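Keep the sequence and the model in view as you read.

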Amino acid sequence: MIRYFFRALRAQLRGGVLLFALSLFGVSIGVASVVSIQIINLNALGAFRGSMLAVSGSADLILLGKMPTLPETLYPEVLATPGVAAAWPLYRVDVTLRDADPIVLEVIGVDFFTAIDVPWEGEAVDVSAALGQSGWVAVTATLARERGWSVGERLSVSIGTRTAELVVGALSDFEKATPLASPRLAVMDIAQAQSLLGSRGQVDQIDVKLVDGVDEAAVVAALDRKLGTKAMILTPEQREEQAADLLSAFRLNLTALSLISLFVGGFLVFSSTQAALVRRRTEFGLLRSLGATHRQVFGLLVGDVALLGLAGVAVGMPLGYLGARANIDRVSATLSNLYLLEEIHQLVVPPWFFVLGAAVGLAGAGLGALAPALELGRKDTRSLLAAFSLHARVGEKAPRWFAAGVLCVLAIVGVYAVAGDRWRPAGFVQAFLLICAIPLLTPWLVQLATSRLPVRSFGLAYGVKGLGRQLQTTPVAVAALAIAVSMVVGVTTMVSSFRDTLDIWIERTIQADIYVSTPSRRRAASHATIGADVIERLKRHPAVTHVDRLRQFFAYTNGRRFSLAGVDASVPVDRARFALLEGEVEELPRDSVLVGEPLARKEGLHVGDDLVVDGPDGPVSFPIAGIYYDYSSELGSAFLHLDTMTERFGGGTVASVALYLAPDSDADDVVDELRVAFQATPLSMRSNRGLRERAMQVFDQTFAITRLLRYMSLLIAVCGVALTLIVLARERTSELALYRALGASRLQIFRIYLGKGLGIGAAGIALGSVAGVAFALILIYVVNRAFFGWTIAMHWPLGLLVWQSAIVLLASSVASVYPAIIASRTPATELRREDL
Amino acid sequence: MSLDEPVLRFHSVAKHYSQPSGGVLKALDDVSFEIAAGKKLAITGRSGSGKSTLLHLAAGIDIPSAGAVSFVGRDLGALTDRQRTLIRRDDIGLVFQFFYLLPHLTVWENVALPGWIASDRTFEERGRKLLDRVGLSAFATQPASTLSGGEMQRVAICRALLRKPRLLLADEPTGNLDDDNSEVVMDLLMQLVDDEQGALLYVTHSEEQAAQADERLSLHSGRLERT
Ligand SMILES: Nc1ncnc2c1ncn2[C@@H]1O[C@H](COP(=O)(O)OP(=O)(O)OP(=O)(O)O)[C@@H](O)[C@H]1O
Ligand SMILES: [Mg+2]
């Protein structure tokens, strides 16, 4: 039987290379989508994990400041805690290189005389130089090579409006310790880091090594008593989980989108297995009558599918890797813009990943082939030999499937009624039900539509009507296309609604004329402050009438990290500064807080509740006066009056300022003037318009990968149209020969097949658009709210959708050109065969 | 194109197939005959003697390797595929041993198909008349797959005659039917051809059916013997 398998395989491949290639394409693009997203997901935290392992790899506990720093005086107390074997303080600050290519250096200030272990490049380094020489810093050998630096190189860096001169004193090799480590890690003496780049007396983190065999929980409890709300005590695993949590929604959504590609790829396998089954049914019947067992025949089919799956994996895995590499930059930008995480520097693919890829490919191919294979299993020898009509059977079952599809739709509504956006997985359950409903609804709808179609001539309509008579294949292609289209419609609508919402929101909230911050602001957050002297000088510019100061740091409520901002609203603005979702306030209230929607949703907060924030001396609570729409970050945010912030959290420096100009001045001109005036100061200035543009740019970048993913499944679906039509052209040779014998011209046959392609395209678009509307609703009202906590106002991008539909229609007609050519070339002499 | 031009003329026609072994199979060799309007011609011969090949050439489905096939004076071999297709569409009717009705179309749609192909809207009346003539009007809206063999062939004859072909070609039209049905179908075919004044060229294995023709040709390994 094995010999027969390979003999038959050869014959099959010879007969239908293109069919095989198309299904292979479907599987491999599906696998590639999933694999590339998983590689990206896997590596999204790579840099974070790498830095953590490189710096705190040997620590048992990590104490992180919540305010956000810790007073240095806590260090001896930590060290003195029973059970603590060693501890070392870290001062971390991300500085920006003042260079044409301004990269970020992740500077870590360490105490070289503690237990910290820096992996040096080459021989051990004399650390006394690190203390003695001002600005001494060790950079990684990789970065030094990349930038052409050697020991002695002087680096000018900025943090906030401060600048400092660093000197490369030694080279480190963190990659030796952990391959994921970022090449941008830089190490210097902690005291130097504090005085040159930050504030004395403060540290960010204290790493703790425990005495062997000591009870970890007891030590944690003891530390907790000493530190109170000032610090978080985490194990390295918990620290990593915390970061992973942050990204979970982002990663999950990308995974879901990529799975849809695989799902559509599965349909291609379904089509081609189905076709093989129809083509080979007499062969199988004959084998059975010659004594082959059920299992052997089944094995033949499974063998084919396994081969297809493996080939799909073999092509899809490398393709996925390349896809991931091509998208690193986009995802990196999202990570750093939206999640304030480090960028992805390299992709690492662990060996187990290949097993996962293979499993995904085989599962995709296997699921696609399951139904046809089971169908075969149920057939007895006689009915295999008899020319059974799969078409008729599908026709009989179509209404029942339709009913099942309707049930799915009802279930979607039911889930919404019961769970709404409160139960996180609800959106995915609904999307899954929707994707199941489409193929169930399709056959009967196709049957209905084509049976109503009047045919008066041998042209496009005749071809379309013929589709209704190919119920075993057509609905599969229609359903696959409909799923892809629904995803395109849904995601497009969601993205463009989001974009419009954001645009309106920005228009409303960005009211100052010029926004001033520093290049290191994004990454260094509260470390990047603007000096008071700089603010004074800005105020003195003749066009500036008012200056709003904004101080921001990450605070914790209920263990959740969020951005807390203090503003001194010095200007009476005509419109409300915040777009409020809940509550009514004219101005930023003195003693209460405004909470952003994502934070409010995640914490279940409403107006009248209290927001309890971990303060320097224990929890501080603020009544919530309002909840505002907030699309600035998924993390969540809250606003206080700057004075209140100083009162409750102590004084601090400002991270950015907003300038209001005299009515007759032009913001862009003033920006230019300020740039000249502040040439020596590391400031980044954007006019109102510039900031808006930048925000939209970040938005587009964030959704670039989504756009790519949705087109992947569309591509697969269009291949499905080609595949179905090729199968039709091949299977219906006798029918085509008869048309030719009856005097139909090649052009007529060509047109009929083009009609079929257009018919599948139009049906896919029609069904897909309806499903796409549902998909958009699920994405906007369930998934987004549950995962990101954003309210998005629905805007239908009709023009864009019509345009996309036209492209899908065009693509399906292009996909039908080749099958149409094959069909039109069928010679009338092919009419020898008996089956029609 | 004069009136007395024969409908179909074979002039020293040969059809060769190259064989996988490298040799050449002479399916037809030096075949000459002609058939005038209103005449019936029967072809007999053993299996593999080239009967179907001859019919394919007559229908312009295939072209000869040597010699000429002319349809009302036009050399089919010199025409393009499209021109031959149009002749087939407009002037030739085909009836096959295996009926070749499209099972998913209704009886009426099968009959109407040549009209659709020709975008000719005037056939409806005629199609109904033909169906009536073969006694199958009552089945018009049924799927063709539900008919018996004899009924199917009667429908196929209606389809072939729909556009009033000048030449009707039938390849063992009763080859798949029992004796009773064969008789009915053959009689119908003869009567209809008489009514329409077309020419009929048919292949048969039955002496009795061959005897109904005006003239008979017998094929032996691709060569013609006149009887
Ligand atoms: N396309 C082809 N390629 C090669 N050989 C062919 C082809 N078509 C027909 N032949 C050969 O030509 C010869 C004549 O075939 P044809 O079909 O005309 O016979 P026939 O008289 O119609 O036989 P039957 O009574 O069995 O239908 C046969 O030997 C056949 O194998
Ligand atoms: Mg024959």
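**Cavities and a helix pair**

The residues lining the largest cavity comprise 10 nonpolar, five polar and two charged. The model is predicted. It holds 10 cavities of 30 Å³ or more.

**Largest cavity**

- Its volume is about 300 Å³.
- The lining has 17 residues, and the closest to the cavity centre are A:Gln12, A:Phe20, A:Ser272, A:Ala276 and A:Asp304.
- Four elements of chain A each give two or more residues to this lining: α1 (2–15), α2 (17–44), α10 (236–289) and α11 (294–338).

**Second largest cavity**

- This cavity holds about 130 Å³ of space.
- It is lined by 15 residues. The closest to its centre are A:Gly466, A:Glu735, A:Tyr739, A:Lys756 and B:His104.
- In chain A, α16 (460–467), α24 (733–741) and α25 (746–787) each supply two or more lining residues.
- Sorted by class, the lining has seven nonpolar, four polar and four charged residues.

**Helices α23(A) and α25(A)**

- Helix α23 (residues 688–731) of chain A packs with α25(A) at an angle of about 145°. Their axes lie 10 Å apart.
- The two helices make a right-handed crossing.
- From α23(A), the contact uses A:Val721, A:Thr724, A:Leu725, A:Leu728 and A:Ala729.
- From α25(A), the contact uses A:Tyr753, A:Lys756, A:Gly757 and A:Ile760.
- The contact has six nonpolar, two polar and one charged residues.
- A:Lys756 belongs to this contact and is also among the residues closest to the centre of the second largest cavity.

Methods: Residues are numbered from 1 along each chain as its sequence is written. Chains are lettered from A and ligands numbered from 1 in the order in which they are written. This is a predicted model: local features need pLDDT of at least 70, side-chain atom pairs count only at pLDDT 80 or more; totals for chains, interfaces and linings use all residues. Side-chain values use heavy atoms; hydrogens and water are left out. On a 1 Å grid over the protein atoms alone, a cavity is a set of points where a 1.4 Å probe fits but cannot get out, and a pocket is an open set with protein on both sides within 12 Å along at least five of seven lines; lining residues have an atom within 4 Å of a point. Grid points are joined across faces, edges and corners, and a volume is the space filled by probe spheres set on the points. Ala, Val, Leu, Ile, Met, Phe, Trp, Tyr, Cys and Pro count as nonpolar, Asp, Glu, Lys and Arg as charged, and the others, Gly among them, as polar. Axes are lines fitted to C-alpha atoms, for helices over the stretch in contact, and angles run from 0 to 180 degrees between N-to-C directions. A crossing is left-handed if the near helix is turned anticlockwise from the far one by less than a right angle, and right-handed if clockwise. Contact means heavy atoms within 4.5 Å.
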